[in-house]
Amino acid sequence: MLLNQASTTPQILSVSQLNHCAKTLLEQELGSLWLTGEISNFSQPVSGHWYFTLKDNNAQVRAAMFKMRNLRVTFKPQNGMQVLVKASVSLYEPRGDYQLIVDTMQPAGEGLLQQEFERLKLKLAAEGLFAQQWKQPLPQHCQRIGVITSSSGAALHDILQILRRRNPSLEVVIYPTLVQGKEAAQDIVRNIEIANLRQECDVLIVGRGGGSLEDLWCFNEEIVARAIFASTIPIISAVGHETDVTIADFVADLRASTPSAAAELLSRDQKELWQKIDYLQQRLEKAFALFLNTAQQQLERLQLRLKNQHPKAQLALQKQQYQHLHQRLQKSILLYLQHQQQRQQHLAQRLSQIPLAHKVEVQQKALQQWQFRLHNAMQTLLRQQRYQFAQLSGCLESVSPLKVLQRGYTVTTTEQQRLVTSIEQVEIGQLLTTQTTDGQIISIIRQVTAKS
């Protein structure tokens, strides 16, 4: 029975009006929400709609998912399956049945992981970990590559096979790592830190082969993302197949679609190198032929001039000049050949092994200085954050509802969990719950008295 606020005359409702009011209240107050539970009593009549019960160990609720919505579901629901649904709470007025109208459905484990993925992605993006300005360029000529992956996985086999085929001179350092399971994320972080301490590689490949979202989840862990971001060695993320995307891909200096693609990015094809050598040799041969042709023409002109001059003295002088020019020509040809041969040997030596020891030593010292400065900056920031957290915790504690309850105050609510602040909200016989600092008091109203 409802009381009209303008008078004490009771307002009498029909059952239809009651159900309509209840439906309106449910839809307006609760709106759309996410739930997880087990499917039971699943049915799909000829209409194409789905009807089922969503339950847990202590309760259950009826649910419906209409055809236009369930066509987007990528799996077939079965009784006993744990699912995550987005639904609105409603009431079927003809029978007065409280029910859920389901909008989306996905397997519970994968759905929760996907939500966690999106949450962490937004958090790290807001902190700037994905910003292009922090991406390190890859070295143009790598001498040593580090691979952080499983020592028994197909990914390592593919990487080594491609490097051996394309550039056998490249050295590879393998950091055997767990890439699946609860301990995998910590193991990946540990190996990234070891590689940075040793500074023995020009670049790191971090990844594994394909798998489900659960299999690849260690590459979506926050500690792995922060370890990749903190690395002073450039990192290529090579996780799964081309369609797989992880948090590690966003943080890494470069993302490769597969482990094989990462190996191809870092290795120069030997065939291309030999083609370049052949091209340089052809240019050398053409230049030498042109030089000889020019020298021959000059020699013929000198011979003609000698024939046209009759005096013996002039002839002797011209002969002497001819011999001198001939010696210069031979010497120039010899020097040119030696120079081109040395250049070719130098190019071949650079192609077989590019010395970078001095440059690496200088870069290592610079990286160690930056690492020291970064460590000090992180320690300072951590102390500031701890101090701010302590201040905020104190402020939060001072306004805690539990503190108010400890001072002797209580909080009273109706069965609908509405806070009671006025006697106009209650009536005789109504059940109330009073929250104290050490428990709850359940009471029934026997009398309501207004302030005089």
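## A guided look at a predicted chain

The charged end of Arg 373 sits over the ring of Trp 370, 4.4 Å from its centre; such a placement requires NZ of Lys or CZ of Arg within 6 Å of the ring centre and within 35 degrees of the ring normal. This is a predicted model, in which local features need pLDDT of at least 70 and side-chain atom pairs count only at pLDDT 80 or more, while totals for chains, interfaces and linings use all residues. Residues are numbered from 1 along each chain as its sequence is written, and side-chain values use heavy atoms, with hydrogens and water left out.

**The chain as a whole**

- Twelve helices and 15 strands make up the list of elements in the chain; helices (H or I, at least four residues) and strands (E, at least two) are DSSP runs, numbered from the N terminus.
- Of the 452 residues in the chain, 30% are buried, where buried means under 20% relative accessible area, exposed means over 50% and partly exposed is in between (1.4 Å probe, protein chains only).
- The chain has an accessible surface of about 30600 Å², and carbon and sulfur atoms account for 54% of that area; the areas come from the Shrake-Rupley method with a 1.4 Å probe, and for residues only the protein chains shown count as cover.
- Looking at contacts (heavy atoms within 4.5 Å) between residues at least 6 apart in sequence, 61% join residues at least 24 apart.

- Helix α1 covers residues 15-30, 16 residues in total, and spans 22 Å from its first C-alpha to its last, close to the 22 Å expected at 1.5 Å a residue; the expected span is 1.5 Å times one less than the number of residues.
- Gly 31 follows α1 and has a positive phi, near 65°.
- Strand β3 (residues 32-43) contains Asn 41, which has a positive phi of about 55° although it is not a glycine.
- Asn 41 counts as exposed because its relative accessibility is 57%.

**Aromatic rings**

- There are four aromatic pairs in the structure; rings of Phe, Tyr and Trp (its six-membered ring) pair if their centres lie within 6.5 Å, and planes under 30 degrees apart count as stacked, over 60 as edge-to-face and the rest as tilted.
- Phe 42, Trp 50 and Phe 52 are linked into a cluster by ring pairs.

**The largest nonpolar core**

- This core has 34 residues, and Leu 204, Phe 219 and Ile 228 have the most contacts inside it; a nonpolar core is a set of buried Ala, Val, Leu, Ile, Met, Phe, Trp, Tyr and Cys residues joined through side-chain atoms within 4.5 Å.
- At least two residues of the core come from each of α3 (108-127), β9 (171-176), α5 (184-198), β10 (203-208), α6 (222-230), β11 (235-239) and α7 (247-251).
- With six residues, α5 gives the most to this core.

- Gly 146 is found in strand β8 and is buried because its relative accessible area is 0%.
- Gly 146 and Ile 174 are 28 residues apart along the chain, yet their C-alpha atoms are separated by 5.9 Å.
- Beyond neighbours within four places in sequence, Gly 146 is in contact with Val 173, Tyr 175, Cys 201, Val 203, Leu 204 and Ile 205.
- Helix α8 (residues 259-266) has Pro 259, Ala 261, Ala 262, Ala 263 and Leu 266 buried, and its buried residues pack against β8 (144-149), α4 (154-166), β10 and β11.

**The β13-β14 loop and the end of the chain**

- Gln 417 is found in the loop between β13 (411-413) and β14 (431-436), and its phi is near 65°, a positive value in a residue other than glycine.
- Gln 417 counts as exposed because its relative accessibility is 62%.
- Ser 422 is in the loop between β13 and β14 and counts as partly exposed, at 29% relative accessibility.
- Ser 422 and Ala 450 are 28 residues apart in sequence and 9.4 Å apart in space, C-alpha to C-alpha.
- Glu 427 also lies in the loop between β13 and β14, and at 42% relative accessibility Glu 427 counts as partly exposed.
- Ile 445 has its place in the segment after β15 (439-444) and counts as buried because its relative accessibility is 9%.
- Setting aside residues up to four places away in sequence, Ile 445 touches Val 426, Glu 427, Ile 428, Gly 429, Gln 430 and Leu 432.
- The C-alpha atoms of Ile 445 and Gln 430 are separated by 5.5 Å, with the two residues 15 apart along the chain.
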